[in-house]
Amino acid sequence: MLKMQNLSKVYRTELVETQALNDFHLEVKAGDFVAVTGPSGSGKTTFLTIAGLLESPSGGLFELDGQDVSRLSDAERSRLRNEKIGFIFQAFNLIPDLNVLENIEVPLHYRGFKAAERRRRALEALERVGLSGRAGHLPSQLSGGQQQRVAIARALAGSPKILLADEPTGNLDSQMARAVMELLEELHRDGATLVMVTHDPQLAARAPRHVQVIDGRVIDSQHLSLAAVA
Ligand code: ADP
Ligand code: ADP
């Protein structure tokens, strides 16, 4: 599903050059659930930015869903991003004056779905996250955990090939964090491909596969069976 080989990313400003990723290797197969941890500044956000087709790598190979996406134009990248990627952010990023259903429909507009199809997909995604009863609520009328579940529904509604989550529980208390993690686990059981960046070692340990990024490299990856963790 996602394959990065010898990937590098260099940020240049007038004064400094930062090698954010260096000889970065990672392969994520369809149906994997991978947690990515690592110290601050190690390159996790850079990795997600490239994986999510927001930026191109400086060098190396990046394949997404069987296609070489290492060197694409901005237009091609955004088209593929809308089609194949679902993002989940730490801060939810819901639009405050749109209701739950309208928020979920936002990315579907970019995909060119007609109104009836947008509504059908949004309702189905809302049901998957267990919030069918909240369709007309504004984000401010929901708890943080519910807001994140709406954001997950928004990510799911476009039927992405891969879900990328950046600290999805970082703004939640431990009880709501657990509920969101359980939802991600359920999506994984249903076949979703998930990559989650987190600072939280306990959360990372719950994922079937855990990868560490240090100094822009994947230094350690271990495969654990779900049964071994349970
Ligand atoms: P995290 O991913 O650890 O939650 P950030 O991605 O916001 O945090 O930032 C990680 C590191 O990258 C920080 O040290 C921050 O200063 C640095 N950083 C982020 N964006 C830029 C930028 N545009 N220019 C320089 N450094 C940046
Ligand atoms: P993490 O998410 O693990 O905290 P980042 O990927 O944000 O790490 O950052 C990796 C390195 O790249 C850091 O040294 C950071 O300062 C640098 N960096 C990240 N984004 C930018 C940017 N837009 N411009 C310049 N430097 C950046």
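Q: What makes Lys84 count as buried in this structure?
A: In this model, which is predicted, Lys84 has a relative accessibility of 10%; the word buried applies under 20%, so Lys84 falls in that class.

Q: How do you know that Lys84 and Glu83 form a salt bridge?
A: The N to O distance between the two side chains is 3.9 Å, and the rule asks for a side-chain nitrogen of Lys or Arg within 4 Å of a carboxyl oxygen of Asp or Glu, so the pair of Lys84 and Glu83 qualifies.

Q: What makes Glu83 and Arg79 partly exposed?
A: The partly exposed class lies between the buried class, under 20%, and the exposed class, over 50%. Glu83 has a relative accessible area of 32% and Arg79 has 48%, so each of the two falls in that middle range.

Q: Which residues are linked with Glu83 in a network of salt bridges?
A: The network that contains Glu83 also takes in Asp65, Arg79, Lys84 and Lys161. Over the structure, the count by this rule comes to 14 salt bridges.

Q: How do you know that Arg121 and Glu117 form a salt bridge, and are these residues buried or partly exposed?
A: The closest N and O atoms of Arg121 and Glu117 are 2.9 Å apart, and the cut-off is 4 Å, so the contact counts as a salt bridge. The two residues are 4 residues apart in helix α4 (residues 115-128), which means a separation of about one helical turn. Arg121, at 16% relative accessibility, counts as buried, whereas Glu117, with a relative accessible area of 26%, is partly exposed.

Q: How many aromatic pairs does the structure hold, and why is the pair of Phe24 and Phe47 called stacked?
A: There are 2 aromatic pairs. In the pair of Phe24 and Phe47 the ring centres are 5.3 Å apart and the planes stand at 25°; the limits are 6.5 Å for pairing and under 30 degrees for stacking, so the pair is stacked.

Q: What parts does the pair of Phe24 and Phe47 tie together?
A: Phe24 lies in strand β2 (residues 17-28) and Phe47 in helix α1 (residues 44-51), so the pair connects parts that are 23 residues apart in sequence. Phe24 is buried, with a relative accessible area of 1%, and Phe47 counts as buried at 0% relative accessibility.

Q: Why is the pair of Phe87 and Phe89 called stacked?
A: The rings of Phe87 and Phe89 are 5.5 Å apart, centre to centre, with 20° between the planes, and an angle under 30 degrees counts as stacked. Phe87 is buried at 18% relative accessibility, while Phe89, at 30%, counts as partly exposed.

Q: Which way do the residues of strand β6 point, and with which strand does β6 pair in the parallel sense?
A: From β6 (residues 85-88), Ile85 and Phe87 point one way and Gly86 and Ile88 the other way, and all are buried. β6 pairs in the parallel sense with strand β7 (residues 162-166) over 4 bridges, and the bridge partner of Ile85 in β7 is Ile162.

Q: What makes β2 and β5 the edge strands of their sheet?
A: The open sheet of 4 strands has the order β2-β1-β4-β5, with antiparallel pairing, and β2 and β5 (67-68) each pair on one side only.

Q: How do you know that β4 and β5 pair?
A: Pairing requires at least two bridges, and 2 bridges join strand β4 (residues 59-64) to β5, so the antiparallel pair qualifies. The bridge partner of Glu63 in β5 is Asp68.

Q: How do you know that the length of helix α6 agrees with its number of residues?
A: At 1.5 Å a residue, the 16 residues of α6 (residues 174-189) should span 22 Å, and the end C-alpha atoms are 22 Å apart, so the two values agree. At the start of α6, a side-chain oxygen of Asp173 comes to within 3.1 Å of the backbone nitrogen of Gln175, and α6 is followed by Gly191, whose phi is positive, near 110°.

Methods:
Residues numbered from 1 in each chain as written. Chains lettered and ligands numbered in written order. Predicted model: local features only at pLDDT ≥ 70, side-chain atom pairs only at ≥ 80, totals over all residues. Heavy atoms only, no water. Expected span 1.5 Å × (residues − 1). Polar contact = N/O pair within 3.5 Å; in protein donor to acceptor, adjacent residues only side chain to side chain. Phe/Tyr/Trp six-rings, centres within 6.5 Å; stacked < 30°, edge-to-face > 60°. Buried < 20%, exposed > 50% of the residue type's maximum accessible area, 1.4 Å probe, protein only.
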